[in-house]
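Look at the sequence and the structure below.

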Amino acid sequence: MEEVSRRNFLTTAINVLIGIWAACAAGLSGFAGIRYIWPTEKTAGPPGEDKVSFPAADLPEGGMKKLVIGGKPVGIIKSNETLYALSLICTHLGCIVNWHPEQNRLVCPCHAGTYDLNGTVVAGPPPRPLPSYDVKITGDKIVVG
Ligand code: FES
């Protein structure tokens, strides 16, 4: 009788440990799944300036320079000798979009939202275009905002 009780105790203890492990694994994968579907918006930075300038030589053709304007990430892109200044915050769920010069597109890493250089959505789930900022060349500086 005592042997059966010990076996039952060990079986129950192992089952409890497996249950705890499974609950932890499910919780972690659930959290990761939620993070994928609803990523945390990590876009708030220090308040920053509303108008930013930098040397025009710092932005080569096809390149992008990232700035923080009003506490938000903004990408300044030079393509075909034209300047574009766009918010880098995806309008779907707030991930930071990346510049892909070979495609001439900004692409969101979270759900593949894709924007053209005017900020217009060309693919994926984003509901609105990327907001744009005023950008111009003044002397040897690029002024944004
Ligand atoms: S956050 Fe979903 S496409 Fe950008």
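A residue is called buried when its relative accessible area is under 20%. The model shown here is predicted. Cys 90 has a relative accessible area of 5%, so Cys 90 is buried. Cys 108 also counts as buried, because its relative accessibility is 4%.

Two further cysteines are joined to each other. The structure holds 1 disulfide, and its partners are Cys 95 and Cys 110, with sulfur atoms 1.8 Å apart. This pair links distant parts of the chain, 15 residues apart. Cys 95 sits in the loop between strand E4 (82-87) and strand E5 (98-100), while Cys 110 sits in the loop between strand E6 (105-107) and strand E7 (114-115). The angle about the S-S bond is -85 degrees, and the link of Cys 95 and Cys 110 is left-handed. Both Cys 95 and Cys 110 are buried.

Is Thr 114 buried or exposed? Its relative accessible area is 12%, and the limit for buried is under 20%, so Thr 114 is buried.

What does Thr 114 touch, leaving out residues up to four places away in sequence? The residues in contact with Thr 114 are Arg 105, Leu 106, Val 107, Thr 120, Val 121, Val 122 and Ala 123. Thr 114 also has a polar contact with Ala 112: the side chain of Thr 114 reaches the backbone oxygen of Ala 112 at 3.0 Å.

Note on methods. Residues are numbered from 1 along each chain as its sequence is written. This is a predicted model: local features need pLDDT of at least 70, side-chain atom pairs count only at pLDDT 80 or more; totals for chains, interfaces and linings use all residues. Side-chain values use heavy atoms; hydrogens and water are left out. A disulfide is a pair of cysteine sulfur atoms within 2.5 Å. Helices (H or I, at least four residues) and strands (E, at least two) are DSSP runs, numbered from the N terminus. Buried means under 20% relative accessible area, exposed over 50%, partly exposed in between (1.4 Å probe, protein chains only). A polar contact is a pair of N or O atoms within 3.5 Å; within protein, one must be able to donate a hydrogen and the other to accept it, and residues adjacent in sequence count only if both atoms are side-chain atoms. Contact means heavy atoms within 4.5 Å.
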